[in-house]
Amino acid sequence: MTQQQFYVSPEQLMKDRADFARKGIARGRSVVVISCEDGIALVAENPSPSLHKIGEIYDKIAFAAVGKYNEFESLRQAGVRYADVRGYSYDREDVTARGLASVYAQSLGAVFTAEQKPFEVELAVAEVGPSQELDHLYRLTFDGTIADEHGFIVMGGQAEKVSSAITDGWRASLGFPQAIRLAMRGLVTDTEADLKAKALPVKAVEVAVLDRMSESSRGSRRAFRRLNNADITALLAEED
Amino acid sequence: MQESTANQVAANATSSFTEHLQRDRPELLPNNRALPVGPGPATPLQVPHATTIVAMSYAGGVLMAGDRRATMGNVIASRHIEKVFPADQYSVLGIAGTAGIAIDLTRLFQVELEHYEKIEGTLLSLDGKANRLGAMIRGNLPMALQGLAVVPLFAGFDTTAGVGRLFSYDVTGGRYEEREHHTVGSGSVFARGALKKLWRPNLTEAEAVSVAVESLYDAADDDSATGGPDPVRQLWPVVYTVNRTGARRVPESELATVAGNIIEARSSARREA
């Protein structure tokens with residue numbers, strides 16, 4: 001017996017896929033990427049110390065993601081490969097967030113239209129520049145949509161609520177400590193809506209930064225630096 | 001069906017940049033050049049060669065130094081070439097042999113280590129790095145047989161064991177761990193002689209820098225392919241130290257003082273050789 005074929009309109013098909021992907025992403029916890037004076041801060045709510053949602057791609061480029069781990073991890077690795085091949089075959093300065101983001105957009109778009117199931121992920125690609133105007137923040141969604149954001153990006157489960165908290169506190173002149181504290185306050189609204197005073201435990205967050213002046217401050221062209229629990233505790237102990 | 005997919009995914013999961021290039025962009029690999037068929041040219045190819053590298057252990061770390069001369073036959077091809085490079089945060093590598101290929105291999109090795117670190121989220125072990133470099137040198141064996149050999153020296157801080165370690169290689173990729181000190185390149189015999197007299201266990205970092213510069217000085221004295229300190233052009237050897245805090249390039253000003261002291265001691269001794 002052959003299986004009965006039903007007609008599904010392309011509109012309905014795409015809508016179903018988008019709803020499916022959105023639902024998957026909404027289950028996850030949020031990530032905040034903030035451009036500030038010292039560079040770019042990336043903060044994620046993540047209880048695992050080893051399965052990262054934030055990663056280094058290249059000298060000045062970092063990656064943050066929400067959604068399904070295996071899917072965004074494969075995209076992260078693909079990004080590292082793309083960047084390393086490009087930097088090796090041309091030059092390190094020829095690796096840009098714009099190039100990487102457009103590769104991601106194409107991959108996500110292709111998976112969304114051609115594969116069985118779309119990727120349930122949302123990505124941010126951040127590139128730190130020599131000055132804040134030259135920072136680049138790209139947001140990529142499951143269907144391959146790419147957006148060039150200014151100031152900060154919030155992704156994940158309660159993105160709207162978190163986003164409104166960050167919007168209130170964001171200024172271009174923030175330093176890393178203030179930016180990270182702002183992100184943590186925003187993420188609290190995400191999970192502990194009823195207990196506003198309760199801060200996120202240090203163990204439940206993952207924090208990394210892209211240092212704007214890594215060459216002069218650390219003597220390294222690699223701007224990405226992951227903060228350990230002690231660093232985060234020290235940052236949170238400070239006052240705004 | 002599912003099992004084969006899993007096998008495929010596992011087979012494709014590589015943390016090695018070289019393997020990735022081999023699969024996707026083999027033309028970018030330095031070893032992947034088509035070799036000429038038939039007997040080679042009557043005279044050896046005239047390409048720049050890089051010469052003396054010295055490395056030694058000292059209290060708390062390892063040091064590596066290289067002179068700045070590249071030669072092409074009897075001509076000095078460059079007075080500015082650098083032959084010692086940081087491989088990653090905790091290791092350095094020095095190269096002797098065919099400069100073009102050696103520099104390419106160095107670049108590939110640097111990306112290889114960084115790539116592994118980014119994909120895996122952790123640094124490769126020092127033994128892992130040393131083996132990886134050996135595999136790359138082995139890959140260059142066909143070129144080495146045609147006279148385009150590269151012989152590296154590798155030094156790093158083993159963060160697990162808490163000691164600095166030193167590795168030498170042959171053209172077949174054989175890896176040999178050295179204790180105390182080692183040298184490679186055409187001036188290595190002279191540098192080695194100097195090291196045997198100047199090196200002792202538990203040198204301080206400053207003493208080690210001075211010993212390295214003096215042994216390069218001796219190599220430059222007797223080997224025409226090794227360049228000595230050049231006060232006219234203000235050119236000093238490239239010296240890196242690696243210890244618990246990572247790799248550090250010794251600044252030019254420090255080297256100028258060290259080289260100045262050695263030149264002064266030699267000229268005031270008024271000895272010919």
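A residue is called buried when its relative accessible area is under 20%, exposed when that area is over 50%, and partly exposed in between, with a 1.4 Å probe and protein chains only. The structure is a predicted model, in which local features need pLDDT of at least 70, side-chain atom pairs count only at pLDDT 80 or more, and totals for chains, interfaces and linings use all residues. Residues are numbered from 1 along each chain as its sequence is written, chains are lettered from A and ligands numbered from 1 in the order in which they are written, and side-chain values use heavy atoms, with hydrogens and water left out.

Asn202(B) is placed in the loop that joins α6 (188-198) to α7 (205-222) of chain B, where helices (H or I, at least four residues) and strands (E, at least two) are DSSP runs numbered from the N terminus. The phi angle of Asn202(B) is near 60°, a positive value in a residue other than glycine. Most residues other than glycine have a negative phi. A positive phi, of about 55°, is also found for Gln234(B), which is not a glycine; Gln234(B) belongs to the loop between α7 and β12 (238-243) of chain B and is partly exposed, with a relative accessible area of 46%.

The interior was described through nonpolar cores, each a set of buried Ala, Val, Leu, Ile, Met, Phe, Trp, Tyr and Cys residues joined through side-chain atoms within 4.5 Å. The largest nonpolar core has 28 residues, of which Phe17(B), Leu21(B), Leu108(B), Phe109(B) and Phe154(B) touch the most other members. Two or more residues of this core come from each of α2 (69-89) of chain A and, in chain B, α2 (17-24), β6 (84-88), β7 (91-98), α3 (99-120), α4 (126-139), β8 (150-158) and β9 (163-169). The element that gives the most to this core is α3(B), with seven residues. A second, separate core consists of 27 residues, among them Cys36(A), Phe152(A), Phe176(A) and Leu235(A). With contact taken as heavy atoms within 4.5 Å, and with neighbours within four places in sequence left aside, Phe17(B) is in contact with Asp84(A), Val85(A) and Tyr88(A) as well as with Leu108(B), Val111(B), Glu112(B) and His115(B).

The contact between the chains takes 17 residues from chain A and 16 residues from chain B. The area buried between chain A and chain B is about 1,500 Å², of which carbon and sulfur atoms give 52%; buried area here is the accessible area (1.4 Å probe) that two parts lose on being put together, summed over both. Four salt bridges are counted between chain A and chain B, a salt bridge being a side-chain nitrogen of Lys or Arg within 4 Å of a carboxyl oxygen of Asp or Glu. Asp84(A) and Lys118(B) meet through their side chains in a salt bridge with an N to O distance of 3.0 Å. On the side of chain A that touches chain B, β3 (54-58) and α2 of chain A each supply at least two residues, and the largest share, 10 residues, comes from α2(A).

Over all chains, the count comes to 38 salt bridges. One of them joins the side chains of Asp59(A) and Arg92(A) at 2.9 Å, N to O. Because Asp59(A) lies in the loop between β3 and β4 (61-67) of chain A and Arg92(A) in the loop between α2 and α3 (97-114) of chain A, this pair ties together parts that are 33 residues apart in sequence. Asp59(A) is buried, with a relative accessible area of 7%. In another salt bridge, the side chains of Glu122(A) and Arg139(A) meet at 2.9 Å, N to O; Glu122(A) lies in strand β5 (residues 121-127) and Arg139(A) in strand β6 (residues 136-140) of chain A, so the pair ties together parts that are 17 residues apart in sequence. Glu122(A) is buried at a relative accessible area of 12%, and Arg139(A) is buried at 19%. Salt bridges that share partners join Asp59(A), Asp84(A), Arg92(A), Arg221(A), Glu114(B) and Lys118(B) into one network.
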